[in-house]
Amino acid sequence: MINEAWLPPTLRAGRIAVRPFTVDDVDAMYAYALSMPGERYASWLGGTSPSHVARYITDTVARYGRPPRADLGVALDGQLVGGIGWRQVWGAPAELEAGWVLHPQAAGQGVAREMVHLVLDHLFARFDTLNRVEVRLRADDRAGVHLLESFGFVLEGTLRHATPEGDNRLLFGLLRSERKVSAP
Ligand SMILES: CC(C)(COP(=O)(O)OP(=O)(O)OC[C@H]1O[C@@H](n2cnc3c(N)ncnc32)[C@H](O)[C@@H]1OP(=O)(O)O)[C@@H](O)C(=O)NCCC(=O)NCCS
């Protein structure tokens, strides 16, 4: 099990930082929540108003240090543009599910590649019993598919009616032994 207490990391590479959320992030998080079609991300936050976002951040910060989950902010040049998180979905062998959200205005600059690289590095180094990471992607997320395959993730199946709109999701899995470690 990944069950020992740990502090949320700050991971940096070039213009990008993956770091803990703070209460000052409400407006920037609300901006990327609103940028998603429909209520795709707001539903994850628990609601569509700034006060829902504020409560989500407060809860997230209060949970830091308590495994087995974490949500971290992603900043580009110091500006919060998204989030990336993970939670344990299986104990032995240890398995995490990871997911992310990124403001479309930050797309196409390699932010996703860098943040996924930083987080995979951190997780496999920090949790030596971690055997597998899985990601669920919307079936139309071509950039996401390309990104995952370049890290060695393998398409394992289709989750039917897995979005609020009733669309399918793709399930990708990466075993520790399969990981392609290449700097972005
Ligand atoms: C990964 C994602 C976040 C895009 O992030 P990004 O920062 O623009 O991605 P990057 O710039 O790091 O590019 C990732 C790779 O995808 C490639 N790519 C971009 N658009 C693509 C497309 N339409 N088809 C195939 N590959 C594509 C890029 O060329 C890059 O590959 P490379 O490094 O080999 O050249 C993507 O999942 C996305 O846009 N998702 C929708 C928005 C979202 O956040 N969804 C989650 C909601 S819960």
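Okay, so this protein has five helices and eight strands, where helices are DSSP runs of H or I with at least four residues, strands are E runs of at least two, and both are numbered from the N terminus. Keep in mind that this is a predicted model: local features need pLDDT of at least 70, side-chain atom pairs count only at pLDDT 80 or more, and totals for chains, interfaces and linings use all residues. Residues are numbered from 1 along each chain as its sequence is written.

Going along the sequence, the order is β-β-α-α-α-β-β-β-α-β-α-β-β.

Now the overall shape. The C-alpha box, along the principal axes, is roughly 40 × 35 × 30 Å. The radius of gyration is 16 Å, which agrees with the value near 16 Å for a compact globule of 184 residues; that's over C-alpha atoms, and the rule is 2.2 Å times the number of residues to the power 0.38. Buried residues are 30% of the 184, buried being 20 or more other C-beta atoms within 10 Å of a residue's own, with C-beta atoms placed from the backbone.

Definitions and conventions. Buried ≥ 20, exposed ≤ 12 C-beta atoms within 10 Å, placed from the backbone.
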